[in-house]
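Subject: Model handover

Dear colleague,

Here is the model for your files.

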Amino acid sequence: MSEYLPGLEGVPATQSNISDVDGERGILSYRGYPIEDLAERSTFEETTLLLLDGELPTAQRLEEFTQELRQNYRVKYNIRTLMTALPSTGSPMEMLQAGVSALGMFYPGNECLTDSDSCTDRDYVDNMTVKIIARMPALVAMWEHIRNGYDPIPPRPDLPIADNLLYMFYGEEPDPLLAKIMDTCLILHAEHTTNASTFATLVTASTLASPYAVISGAVGTLSGPLHGGANERVVEMLREIGRPENVKTWLDKQLDRKQIIWGFGHRVYKVKDPRAKILQKLMERLPAERGGQLSPLFETAIALEEAATERLGHKGIYANVDFYSGILYMELGIPIDQFTPLFAVSRSAGWLAHWHEQLSDNRIFRPTQVYVGEPLRRYVPLRERT
Ligand code: ACO
């Protein structure tokens with residue numbers, strides 16, 4: 001193929017059996033299981049094993065994996081010291097990238113979880129996977145306290161990842177509904193075929209770089225507003241709009257100026273993202289189950305979705321996962337700039353599944369390019385240049 005396709009649209013970059021998206025029908029599945037079933041019936045730990053192993057785990061495998069994760073929730077004190085040296089005004093995604101890289105120095109990974117003498121490649125991969133997935137939540141939650149000048153809250157190894165994450169943010173066991181919502185968000189964001197950050201994962205993995213280099217590169221890629229960073233922009237956009245009755249005027253102005261509507265559009269989905277539907281339903285459940293009202297931001301979001309779908313739907317542009325995730329995280333009390341780090345915590349499961357898959361049949365990525373620069377020419381000495 002010599003034709004250049006911007007953004008590699010439609011170009012298969014890999015073969016994978018981890019997840020699949022049918023963008024015309026709005027279907028997402030992990031290892032063949034529809035996302036709706038996993039969101040309703042699975043847990044983040046179980047979904048992670050499904051992504052990694054290819055099958056739903058037995059009770060024993062799930063129990064062992066869960067215990068390994070829990071034994072690895074805590075990070076070394078020196079990582080906390082390192083974080084205190086970072087500027088408190090810095091971006092949490094940049095902190096996370098630095099934190100993941102630092103994990104690579106503190107936990108280099110040549111030892112296995114059990115017996116280092118009998119380490120196999122598979123043990124190494126499993127060991128690294130557990131260490132990264134278990135520790136990313138601590139990095140995110142620790143930073144929230146450290147940047148505000150407080151001591152971090154140590155993890156609770158008796159809690160599942162979702163509950164422990166909220167516990168490390170707030171210092172108390174979460175309400176079961178909020179913990180379930182966090183767990184569902186983790187499941188929904190865990191994997192999504194060859195998106196930009198997963199593609200970055202494959203490229204870095206193909207050089208046989210360490211898994212920490214692989215994941216920190218993926219975190220950096222996820223941070224951009226066209227990818228995972230969009231959920232933060234959605235909340236800022238909804239705040240700017242203010243109220244449902246302002247939607248129409250705001251949208252007309254935005255589209256006239258050819259501006260982006262954050263949380264809308266997707267390279268693969270030509271209908272509404274199935275994850276957005278699940279998140280929207282969760283958001284609707286909140287007031288019913290907690291005896292409150294719909295959040296004003298959510299009301300504005302519903303009005304915006306309706307109006308934007310009317311204007312953009314004919315182009316196949318509908319709400320994506322980021323449209324409702326930010327509002328939901330706000331209901332959980334998460335600060336806006338921590339939405340994308342939470343996305344990264346969850347997506348680490350998918351990234352690491354792709355890391356495994358890439359290593360199992362590796363060939364370094366080295367695409368070509370269409371050169372459109374100058375032809376070969378003579379070097380002009382400085383004194384002859386005008
Ligand atoms: N608002 C307004 N117009 C849009 C939007 C949007 N959100 N998305 C696409 N369009 C328009 C473009 O202006 C373009 O119009 P044109 O043909 O008249 O020039 C057309 O739709 C095609 O858009 P592209 O940018 O070429 O589509 P692409 O597949 O390259 O980009 C992307 C996909 C980046 C997701 C884009 O839709 C976008 O910028 N969305 C907003 C950011 C966002 O929500 N990102 C999160 C995606 S989900 C995730 O990564 C977790």
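Confidence. This is a predicted model, with an ipTM of 0.97 and a pTM of 0.94. The average pLDDT of the chain is 94, and 97% of the residues reach at least 70. In residues 112-116 the pLDDT falls below 50; that stretch has eight contacts in the model beyond near neighbours in sequence.

Annotated positions. An unreviewed UniProt entry lists His266 and Asp322 under "active site". They are spread over 57 residues of sequence but cluster in space, with a largest C-alpha distance of 10.6 Å. His266 sits in the loop between helix H12 (247-256) and helix H13 (274-290). His266 counts as buried because 21 other C-beta atoms lie within 10 Å, the cut-off being 20 or more. Beyond four places in sequence, His266 contacts Asp273 and Asn320.

Asp322 belongs to helix H15 (residues 321-331). Asp322 is also buried, with 29 other C-beta atoms within 10 Å.

Ligand. The ligand is surrounded by 20 residues, of which Ala230, Ile261, Phe264, Gly265 and Arg267 are the closest. By type, the shell has nine nonpolar, eight polar and three charged residues.

Helix pair. H5 (residues 92-106) packs against H16 (residues 339-360) at about 35°, and their axes are 8 Å apart. Pro92, Met93 and Leu96 of H5 meet Thr340, Pro341 and Ala344 of H16. Five residues of this contact are nonpolar, one is polar and none is charged.

Regards

Conventions: Residues are numbered from 1 along each chain as its sequence is written. This is a predicted model: local features need pLDDT of at least 70, side-chain atom pairs count only at pLDDT 80 or more; totals for chains, interfaces and linings use all residues. A residue is near a molecule or strand if its C-beta atom, placed from the backbone, lies within 6 Å of it. Ala, Val, Leu, Ile, Met, Phe, Trp, Tyr, Cys and Pro count as nonpolar, Asp, Glu, Lys and Arg as charged, and the others, Gly among them, as polar. pLDDT is the predictor's confidence in each residue, from 0 to 100. Two residues are in contact if their C-beta atoms, placed from the backbone, lie within 7 Å. Axes are lines fitted to C-alpha atoms, for helices over the stretch in contact, and angles run from 0 to 180 degrees between N-to-C directions. Helices (H or I, at least four residues) and strands (E, at least two) are DSSP runs, numbered from the N terminus. UniProt positions are given in the numbering used here, feature names are shortened, and annotations may be inferred rather than shown by experiment. A residue is buried if 20 or more other C-beta atoms lie within 10 Å of its own, exposed if 12 or fewer, and partly exposed in between; C-beta atoms are placed from the backbone.
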